[in-house]
Structure formats: C-alpha cells, structure tokens
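Please keep the sequence and the 3D view open while you read the points.

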Amino acid sequence: MFSLLEPPLFTRLRDARRVLVAGAGGGFDVYAGLPLALALRASGKEVHLANLSFADLYGLDTDVWLAPDVAAIRPDTQARGDYFPERSLARWLERQGLPSTVHALNRTGVAPLRAAYRELVGHLGGVDAIVLVDGGTDILMRGDESGLGTPEEDMASLGAVNGMPEIPHRLVACLGFGVDAYHGVNHVQVLENLAALERDGAYLGAFSIPRDSREGTLYLDAVAHAQASTPTHPSIVNGSIAAALRGESGDVRFTARTSGSELFVNPLMSVYFTVDAVVLAERNLYLDRLEHTMLTRQISSVIAEFRDELPAWRPPRTFPH
C-alpha cells in the first residue's frame, strides 16, 4: 500500500535487496540516476550502476568485457579520448570512497541489449530490481506525439528490460523535465502520457532532489567533476538539472555547447517522474516491432516506418497558463 509519507517508487523497492540503476538513453544518463542510487545505498541496499554507452568501447582492453556487449569500467580503465562518462563517474565514485565500477552497455538493438543485461545481472549474482533512468522525459513518448525526441536508445533499453520477466521490479525514472523541448518534445503531451499512466495504475509519483541533502550535494559535485573531465562535450542535460538544483532559472549558461539557443532552466528539472516500466512498454505503440532489432539504426528505421503509417500525429499543445 502506498502512503503520502513515502514516494511510491521507494515503496516498490522497499523489499529489494539488490538494485541495478541504469542510464537508458546513453551519454550521461547514468548521472541522472546517481541521486537515486545514493539514496538506495544509504537505505542499506546493494546498488550497481550501468549505462548505455556512447563511448568508443571497441578500443577497450579485453579484460574489461564481461560479455560481448557489456564491460566493467573502473577508474583505471584505459580508453582513447576524454569522452568516457562511465569512467568519469567511476573516478568520481572512487574519490568518494564508494564502489567504483560502472558497467557500460553497447549501443545495439533490443535483442543483443537484453542479452547483455542478462549477462550483467548474472555477473552481479541476480538483482531484484532494474531502474531505467532517462535524462529528460522522451522515454515516456508512446509514438503518436508531435515529436519523439531521441527515442532510439531509450526504446532499446525499455524493450530490453521489458522482456526480462524474471526481474521482479522494472521501473523508469525521468529527471530533467523540459530539456527535450530542444529535440521537439511537446511537454503537454508528456503530462498527458503521465495522466494515462496514472489511470493505468502505473504512475509512481514525482519527487524533487533536496539541494541540501547528501544526494543533492554529491550530485552537484559529480556533475561538476564530469564537466571538468569532459571539457569539450559536457552534458547539457545534467548541467541544466544541476543549475535547477542550485536554484537558477531561465537562460542559464554553463557550456558553449548551448550558444545560439535559449534555455529554460526551471525547478521541474530537478524533479523525478517515475513509472512502472512494464506498463509504459505496453502503452508504447511500436515497441513490439523492435523486438528482433540487432542495431540502433534498425530501431531508427522501424520508428520512421511506424510514423509514416500513422494517419495523423497528436497535435502539440501549449501550456494554458
């Protein structure tokens, strides 16, 4: 039974002993899961981190690979270039005296990604829950909206985990409401989708990261460390979330990557919106078509074909207030 005193996400995870928190959309998404991971670890759970990786994993030494599409990244893992969010996070975790392995998953289609998840879960000795974390909210798009954002990696992750019924709890947490506007997402439609999930009993509530909490303080430090570690390609999503958490608003400048565009940093960016992953997958209009995809570009093609078949897209709406 849920209670106002405890966000439903944590109620669902109350009896879980071992939790895998995984960045769903690639890039720095795993950082958006860090406050959750820290809170769950502080409650006595064994927490592991993973991320769908945009880094050049093929150049890694053979000893880091647990299976063909999943690697265990540690602070001393060698790689080409400075863009390696998983290693940056591993190094930050080591500095904090925390377990410092971050698992990197290859960008693939649904079928090999699910196999990689199963290999990772087996390596960890099993998990009771997988929490997919999206930096942004485009994982909540069902397919008929006016814009889908950047759905390929999110849908690969959602499809992979949805097909793992052996995991008792499969959940999704989104952090960074509003950032996907720059990829065409209409956020009134995000709210419409959350309302539909509520009707289905799958909305697990929203809650903000307190700035002065241990989780908030460490998240801000981790994002600052990541920006210093990756000066040529810092995370716009986590930079926006961190700015919101600091109480900034409007067109906040924290990287030259956003020059030429106007940001709308706001307090909703530091709020987690959480849902049941299985029901979210069931509501998606095309996820079943991705089941046998092997490559990310196949996912792109399937989504494009699906969109071409729709008689019309849901028209975008503006906030009425």
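1. **Terms for exposure.** Buried means under 20% relative accessible area, exposed means over 50%, and partly exposed is in between (1.4 Å probe, protein chains only). By that scale S208 is partly exposed, at 44% relative accessibility.

2. **Basis of the note.** This is a predicted model: local features need pLDDT of at least 70, side-chain atom pairs count only at pLDDT 80 or more, and totals for chains, interfaces and linings use all residues. Residues are numbered from 1 along each chain as its sequence is written, and side-chain values use heavy atoms, with hydrogens and water left out.

3. **Overall build.** The chain has 11 helices and 9 strands. Its radius of gyration is 18 Å, close to the 20 Å that the globule rule gives for 321 residues, so the chain is as compact as a globular protein of that length. The radius is taken over C-alpha atoms, and the rule is 2.2 Å times the number of residues to the power 0.38. Along the principal axes, the C-alpha atoms fill a box of roughly 50 × 45 × 45 Å. Helices (H or I, at least four residues) and strands (E, at least two) are DSSP runs, numbered from the N terminus.

4. **Packing and surface.** Of the 321 residues, 57% count as buried. Contact means heavy atoms within 4.5 Å. Among contacts between residues at least 6 apart in sequence, 76% join residues at least 24 apart. The chain exposes about 13600 Å², and carbon and sulfur atoms supply 53% of that area. These areas come from the Shrake-Rupley method with a 1.4 Å probe; for residues, only the protein chains shown count as cover.

5. **Charge.** There are 28 positive and 39 negative side chains. Lys and Arg count as positive and Asp and Glu as negative; His and the chain ends are not counted. The centres of the two sets lie 3 Å apart. Each charge is placed at NZ of Lys, CZ of Arg, CG of Asp or CD of Glu.

6. **Helix α6.** How many of the 12 residues of α6 are buried? The count is 11 of the 12, so α6 is largely enclosed by the rest of the structure. The buried set includes the charged residues E152, E153 and D154. It also includes P151, M155 and V161. The helix covers residues 151-162; at 1.5 Å a residue it should span 16 Å, and its end C-alpha atoms are 16 Å apart, which agrees. The expected span is 1.5 Å times one less than the number of residues.

7. **Helix α7.** Helix α7 has 13 residues (187-199) and should span 18 Å; its end C-alpha atoms are 19 Å apart, which agrees. Its buried residues are H187, V188, Q189, V190, N193, L194, A196 and L197. An α-helix has 3.6 residues a turn, so residues three or four places apart point the same way. What covers the buried residues of α7 includes β8 (203-208), β9 (271-276) and α10 (277-283). Just after α7, G201 takes a positive phi of about 75 degrees.

8. **S208 in β8.** Strand β8 holds S208. Not counting residues up to four places away in sequence, S208 touches S270 and V271. S208 and A50 are 158 residues apart in sequence and 22 Å apart in space, C-alpha to C-alpha.

9. **Helix α3 and V47.** In α3 (residues 34-42), the buried residues are L34, P35, L36, A37, L38 and L40. Just after α3, G44 takes a positive phi of about 100 degrees. V47 lies in strand β2 (residues 46-52). V47 is buried, with a relative accessible area of 14%. Leaving aside neighbours within four places, V47 is in contact with V19, V21, A37, L40 and R41.

10. Beyond its neighbours within four places, S240 is in contact with V179, F254, L263, V265 and M269. T232 lies in the loop between α8 (214-229) and α9. T232 is exposed, with a relative accessible area of 62%. With neighbours within four places left aside, T232 is in contact with D82 and R257.

11. **Q298.** Helix α11 (residues 296-309) contains Q298, which is partly exposed at 33% relative accessibility.
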